Amino acid sequence: MASAKSSRSRASVPSGLGAPPGALQANGGGGAQEAGVQLADKLKIFKTDNFDSDAYVQSKCQTMNEREIKQLCNYLQDLKKASAEEMRKSVYANYASFIRTSKEISDLEGELLSIKNLLGAQTGLIRGLAEGVNIDSLSAASDGGKEDEKSSIEDQEPSDIEKWAVEFPDLLEVLLAERRVDEALDALDEAERVVTDAKQKQTLGTLALALLQNAVSEHRQKLADQLAEAACQSSTRGVELRAAASALKRLGDGPRAHTLLLTAHDQRLQYNMQVIHPTSTSYGGAYTAAVSQQVFSAIAQAVNDSQAVFGDEYASELVIWSTKQAESFAHLVKRHALASSAAAGGLRAAVECVQIAIEHCSLLEVHLKLSLSSVLLRLFRPCVEQALDANLRRIEESTSALAAADDWVLIYPPTGSRTSSRSSTSVMGFQPKLTSSAHRFYSMVQDFFEDVGPLLSMQLGGSTMDGLLKVFNSYINLLINALPSSMEDETYLDGPVNKLVQIAETETQQLSLLANASLLAEDLLPRAAMKLSPHYQAGRIEDTRRRGLDKNIRMPEQREWKRKLQRTVDRLRDSFCRQHALDLIFTEDGDTNLSAEMYINMDSNSEEPDWAPSLIFQELYAKLNRIATVASDIFVGRERFATLLMMRLTETVILWLSEDQSFWEEIEEGQRPLGPLGLQQFYLDMQFVILFGQGRFLSRHVHQVIIDVIERVMAAFSATGMNPDSVLPSNDWFFDIAQETIFRISGKARYGNGERELNSPTASVSAQSISSVRSLGSS
């Protein structure tokens, strides 16, 4: 892992920690090489047994100035941070193994301590018995003088410590029988001190000492068993349980004490859970609330008892136990509440169950700093995703069924519908006009977003938005399929789509399809999706922050999502434009209205043609005018979308012309060259498009494409040896004919006495375009 070096030290850091002292000066570009060096390789020099830090620093700093020493210090600090980060990741990666190993070590230590005590008692007993046998043998073999000595010894009174040692086992029996645990523990501690003192001062005989040690070990084990039995009783609670665990810990059996404490809480939880019986008619939220109340209360009490008795000594075991309880709880809720809701597509019920569980869990996290929400979310997520998918699929299927009966007429929201009564748009005084299927689609989306707000904390915000985008894409496919030509051409369809939809026959109906798509994508869907934004969920997110779950909030960027919606709408727009462009270019018989022959053949006629733009371009202008008139009523407040739509239609026709290989093969390489009349007609057509499209139907890109195709045609004409400028009339001639045609098609009167307005912006721009193209052709 490469270290994150500071910008000021990157350029002059040596390529390796073992670089010679002058490397800082000689290796100024070593930062790029160092980025590829592994951290382990950099740290090798520090891992050697004979590493001398002072010598290392001296070797690096002898030839350095103050600035370079600071750079080296910064570099070493960065390396230290990288090493710490690597260790942190390693610890987290093996955290489960670390906890398991620690628990096994603790259990092993407890067992070793018990074995040590048992072996010590047995060894003392055996040694005492052996010494007693030897003493008896010596006494039997002694002479008469020794008999007198023995008699004198037997006549001596036993010491107080010997008397106490003899009475101690009986005292312990009484204390254990009366369950006087604290006094028994004090007595055992006193016996341990006596044994230690007797060994040092030899105040007890070997046999007596061995008997005392055996009694201490035996009663210590008996007390431990008694405490363990008491801890396992269902009636042992609260103070009694903590006292038993504390006594076991004092006996030196801490691991067993902590295990018994957790076992007692687990048994009590299982007992309390027996009274909660889920039924097929029970409300999932009520069952979830009842179970979570029991589970998280048990976890909280166990944590409190553990910390009161052991502090943080067994924190790892406590986390493992709490996690298992949370997992068992999540499986219960999934089996008895979430599974049925998810299968039926009940997103609201599923999310409510998750909310209840998370809220109970959050109380535990706030007071005890024990985070279990991630465990619940991980286990609940599949069920919620299943319900989410089922809801989205239901919206898609319902919309498809409604589209089959849609007549594609724009209407206001139906009276009493959600859109008109509860929508945020109605509050703002805005009533969208959509077709019936689009109104229903939007209403279902609003209901859907009412349910999915809590999904932010489950990291499902992105999945929700992507799912809605998929459903909207399916609806756009329906709209594309409603265009007349889409039944034969599925180029713009994305995925399977229902063919049973009403065909939008008229241009008004077809523009209604575009109105549906544009209004949903640009305004209505983003407005509804705001319910998934952090600002809308401010209160819930503030609670989440207090629980330390900020990292779980992952909302998709609204702008990027809107761009994806718009790209989906663009498919419908392009399909619309493609359909109308093909209607212009091709006849019903499949012949083309825009071919090279229509220009080449003009010079074959002996008569002077009646000059006017070609019919296809006149029809294009007429169609654009009709669409503009209808769009002015349909796209109120969204005139920009209508303008882009008509620009796209013009672009589709012009791009088809510029990319038609057969057209250009005939113009540039055909058997008959393009003559003066054909050039004049082509030039007139293009200038007509420039004139009527300027500022309304023509983008800058298409304007440049037109100039390029004019230049290409003029180049083909020049290849015949003729000068285009010598055969083309003046610019005013082209302008007048194009303007006359525009007035005739649009139904507008000419200016005043029939002459064009020379100072108008359109005239000025058109004249500049004609002049620029003529100059290109002449050159």
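Helices here are DSSP runs of at least four residues, numbered from the N terminus. The model is predicted. Helix 33 covers residues 731-746 and has 16 residues. From first C-alpha to last, helix 33 reaches 22 Å, close to the 22 Å expected at 1.5 Å a residue. Gly-747 follows helix 33, with a positive phi near 80°. The buried residues of helix 33 include Phe-734, Phe-735, Ile-737 and Phe-743. Gln-739 and Thr-741 are also among them.

The structure holds 12 salt bridges. One of them pairs Glu-327 with Arg-378, the closest N and O atoms being 3.5 Å apart. Glu-327 lies in helix 16 and Arg-378 in helix 18, so this pair ties together parts that are 51 residues apart in sequence. Glu-327 is partly exposed, at 25% relative accessible area. Arg-378 is partly exposed too, at 47%.

Other salt bridges lie within a helix. In helix 25, Arg-573 and Asp-570 are three residues apart, about one helical turn. Their closest N and O atoms are 3.7 Å apart. Both Arg-573 and Asp-570 are buried. In helix 28, Arg-648 and Glu-651 are likewise three residues apart. Their side chains meet at 3.3 Å, N to O. Arg-648 is partly exposed at 21% relative accessibility, whereas Glu-651 is buried at 16%. Shared partners join Asp-570, Arg-573, Asp-574, Arg-648 and Glu-651 into one salt-bridge network.

A patch of negative charge lies on the surface, formed by Glu-597, Glu-665, Glu-666 and Glu-669. Helix 29 (residues 661-669) gives the largest share, three residues. Glu-666 is found in helix 29. Glu-666 has 33% relative accessibility and therefore counts as partly exposed.

Notes: Residues are numbered from 1 along each chain as its sequence is written. This is a predicted model: local features need pLDDT of at least 70, side-chain atom pairs count only at pLDDT 80 or more; totals for chains, interfaces and linings use all residues. Side-chain values use heavy atoms; hydrogens and water are left out. Patches are made of residues with over 30% relative accessible area and no salt bridge: like charges are joined within 9 Å, nonpolar side chains (Val, Leu, Ile, Met, Phe, Trp, Tyr) within 5 Å. Accessible areas come from the Shrake-Rupley method with a 1.4 Å probe; for residues, only the protein chains shown count as cover. A salt bridge is a side-chain nitrogen of Lys or Arg within 4 Å of a carboxyl oxygen of Asp or Glu. Lys and Arg count as positive and Asp and Glu as negative; His and the chain ends are not counted. The place of a charge is taken as NZ of Lys, CZ of Arg, CG of Asp or CD of Glu. Helices (H or I, at least four residues) and strands (E, at least two) are DSSP runs, numbered from the N terminus. Buried means under 20% relative accessible area, exposed over 50%, partly exposed in between (1.4 Å probe, protein chains only). The expected span of a helix is 1.5 Å times one less than its number of residues.
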